[in-house]
Amino acid sequence: MKPAYKRILIKLSGEALAGEQKSGLDFDTVLKICASVKKCAEIGLEIGIVVGGGNFWRGRTSGKMDRTRADHMGMLATVINSLALSDALEQLGVPVRVQTGITMSEIAEPYIRNKAVRHMEKGRVVVFGCGTGNPFFSTDTAAALRAAEIDADIIFKATNVDGVYDCDPKKNSNAVKFETLTFLDVLNNGLQVMDSTAASLCMDNNIPILVFDLSDPDNLIRAAVGEKIGTLVK
Ligand code: GTP
């Protein structure tokens, strides 16, 4: 199998790591996802991962708290997930490094762009924790930012729907899936692919996003070899 890209940024939602429990970590699910990441690494793809924290905490919906502090808690949640991913990848024999956007050097390397690129060139997966390291930014925006910084060819946004629809496919059986979209479609129509900050960053830096369903973890390898799945936003 030949990879369709040189370097990819995988955006995983925190919920994807929770499995059936919907919150917290289900380590078997984490291992399953990492086994697919391993397959992508084995065909020669350079891989960065940004993970959300929603399986533990969501800053923006906490409501009763100061937003900045709530977002700091969300960033810590992404670090828990990053460490879980790195542990699972290591167990599977995949070399991995964790870098965090807020320095916590006793736990992980600080985020240094050139070092991240060097790790990937050496075949290591790099997991980026803490989102962008700033409150008021989503981990989707962190994925867009890190993808731009490391010159990723594409962002794989692995979610729980198999693409982008014109309306909610769970509520409307006539919902139509888009095969491709432009970032302007996403921004103008308020499609729920990602927030507008993330979409603008990708648009301005020409980074396409492939949205697909991770409940079948093999979709990751399908996407990596360029099979037509999900919805491509470009
Ligand atoms: P190269 O030797 O440059 O190819 O990379 P390397 O990551 O193997 O070497 P390095 O000496 O930088 O790191 C060795 C180990 O220490 C790796 O597991 C790193 O992730 C880890 N490490 C490096 N810097 C830090 C840090 O600031 N904090 C923590 N917690 N770990 C670090």
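Let's start at the ligand. One of its oxygen atoms sits 2.4 Å from an N or O atom in the side chain of Lys122. That is a polar contact, meaning a pair of N or O atoms within 3.5 Å. The protein covers 50% of the 620 Å² of accessible area that the ligand has on its own, by the Shrake-Rupley method with a 1.4 Å probe.

A word on the source. This is a predicted model, where local features need pLDDT of at least 70, side-chain atom pairs count only at pLDDT 80 or more, and totals for chains, interfaces and linings use all residues. Residues are numbered from 1 along each chain as its sequence is written, and side-chain values use heavy atoms, without hydrogens or water.

Two further contacts. A ligand oxygen is 2.7 Å from an N or O atom in the Glu109 side chain. A ligand nitrogen is 3.1 Å from a polar backbone atom of Ala108.

Now the shell. The residues around the ligand include Arg97, Ser105, His119 and Arg124. By class, the shell has 6 charged, 3 nonpolar and 2 polar residues. Strand E4 (109-110) and helix H3 (113-121) each supply at least two of its residues.

Next, the second largest pocket. Its volume is about 230 Å³, the space filled by probe spheres set on the grid points. Of its 14 lining residues, the closest to the centre are Leu210, Glu227, Lys228, Ile229 and Leu232. Lining means an atom within 4 Å of a point. The lining has 6 nonpolar, 4 polar and 4 charged residues.

Notes:
Near = heavy atom within 4 Å. Polar contact = N/O pair within 3.5 Å; in protein donor to acceptor, adjacent residues only side chain to side chain. Helix = DSSP H or I, 4+ residues; strand = E, 2+ residues; numbered from the N terminus. Nonpolar A, V, L, I, M, F, W, Y, C, P; charged D, E, K, R; others polar. 1 Å grid on protein atoms, 1.4 Å probe; cavity = no way out; pocket = protein on both sides within 12 Å on 5 of 7 lines; lining within 4 Å.
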